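Please open the model in your viewer and keep the selection panel at hand.

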Amino acid sequence: MRIEARVLENAWVRCEPLSEVVRDEVRAAIAGDAAAWSIMVSNGHGEAFDAWFDQRVAHMEAGGGPAYAVRRRRDGRIAGTSSLHDLVLAHRRVELGSTVFHPDARGTEVNPASKRLLLEHAFASGIIRVEIITDAVNARSQAAIARLGATREAVLRRHKITWTGRVRDTVMFAITDEDWPRVRDGLDARLAAF
């Protein structure tokens with residue numbers, strides 16, 4: 001089983017696998033909020049961008065799961081990135097994350113539309129569990145994940161060390177294949193408002 005890196009699109013966004021073609025557009029999109037990077041595990045801001053981008057592409061090419069540039073359909077601009085990564089084939093599990101959007105995309109159709117595509121792709125590929133994790137200090141991210149319909153499962157204490165050296169607690173959410181019809185319907189209802 002593999003989650004193929006291919007273009008995914010709906011009426012709101014087009015998710016394009018990361019490649020050299022979109023490098024500079026992604027750089028511009030995720031440079032919009034330097035403060036957001038301060039709590040991330042890895043750093044993709046400023047001078048760190050190229051190494052971060054190259055690592056995401058290499059992880060994807062090694063079969064770890066596809067990484068995407070998310071393009072808004074209404075204006076054609078790349079709004080940011082999101083990925084299916086850390087694929088564990090033996091357990092048919094993947095993480096949905098590495099999501100960074102330009103501030104002007106927050107609260108718009110971009111996040112639910114891209115998550116709708118990535119979740120559909122994961123479950124159609126045979127995944128039975130999609131994990132979504134975030135820093136315990138990131139209340140905005142936790143609220144966005146809950147709005148997707150994911151179930152909050154746990155707080156993993158002292159789980160990761162950020163690129164700044166801070167030891168973080170991680171909040172774990174998940175969506176299973178059994179949850180997917182409910183989550184899909186909720187996302188479709190949200191997107192109908194756009």
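This is a predicted model: local features need pLDDT of at least 70, side-chain atom pairs count only at pLDDT 80 or more; totals for chains, interfaces and linings use all residues.

Stop 1: Select residues 110-124, helix H3, together with residues 180-192, helix H5. The axes of these two helices lie 10 Å apart, and the packing angle is about 155°. Since angles over 145 degrees count as roughly antiparallel, H3 and H5 are therefore roughly antiparallel to each other. The crossing in which H3 passes H5 is left-handed.

**Stop 2: the contact.** Show side chains on both helices. On H3, select Pro112, Ala113, Arg116, Leu119, Glu120 and Phe123. Their counterparts on H5 are Trp180, Val183, Arg184, Leu187, Asp188, Arg190 and Leu191. Colouring this contact by residue class gives eight nonpolar and five charged residues, with no polar ones.

**Stop 3: the largest pocket.** How much space lies in the largest pocket? The volume is about 1100 Å³. To find the centre of this pocket, select Met40, Ser98, Thr99, Val100 and Ser141, which are the closest to it among the 41 lining residues.

**Stop 4: the lining by element.** Next, highlight the elements that each give two or more residues to the lining of the largest pocket: helices H2 (49-61), H3 and H4 (139-148), and strands E4 (78-88), E5 (93-101) and E6 (129-135). Which element supplies the largest share of this lining? Strand E5 does, with seven residues.

**Stop 5: the lining by class.** Finally, colour the pocket lining by residue class: 17 residues are nonpolar, 13 polar and 11 charged.

Methods
Residues are numbered from 1 along each chain as its sequence is written. Side-chain values use heavy atoms; hydrogens and water are left out. Axes are lines fitted to C-alpha atoms, for helices over the stretch in contact, and angles run from 0 to 180 degrees between N-to-C directions. Helices (H or I, at least four residues) and strands (E, at least two) are DSSP runs, numbered from the N terminus. Angles under 35 degrees count as roughly parallel, over 145 as roughly antiparallel, 65 to 115 as roughly perpendicular and the rest as oblique. A crossing is left-handed if the near helix is turned anticlockwise from the far one by less than a right angle, and right-handed if clockwise. Contact means heavy atoms within 4.5 Å. Ala, Val, Leu, Ile, Met, Phe, Trp, Tyr, Cys and Pro count as nonpolar, Asp, Glu, Lys and Arg as charged, and the others, Gly among them, as polar. On a 1 Å grid over the protein atoms alone, a cavity is a set of points where a 1.4 Å probe fits but cannot get out, and a pocket is an open set with protein on both sides within 12 Å along at least five of seven lines; lining residues have an atom within 4 Å of a point. Grid points are joined across faces, edges and corners, and a volume is the space filled by probe spheres set on the points.
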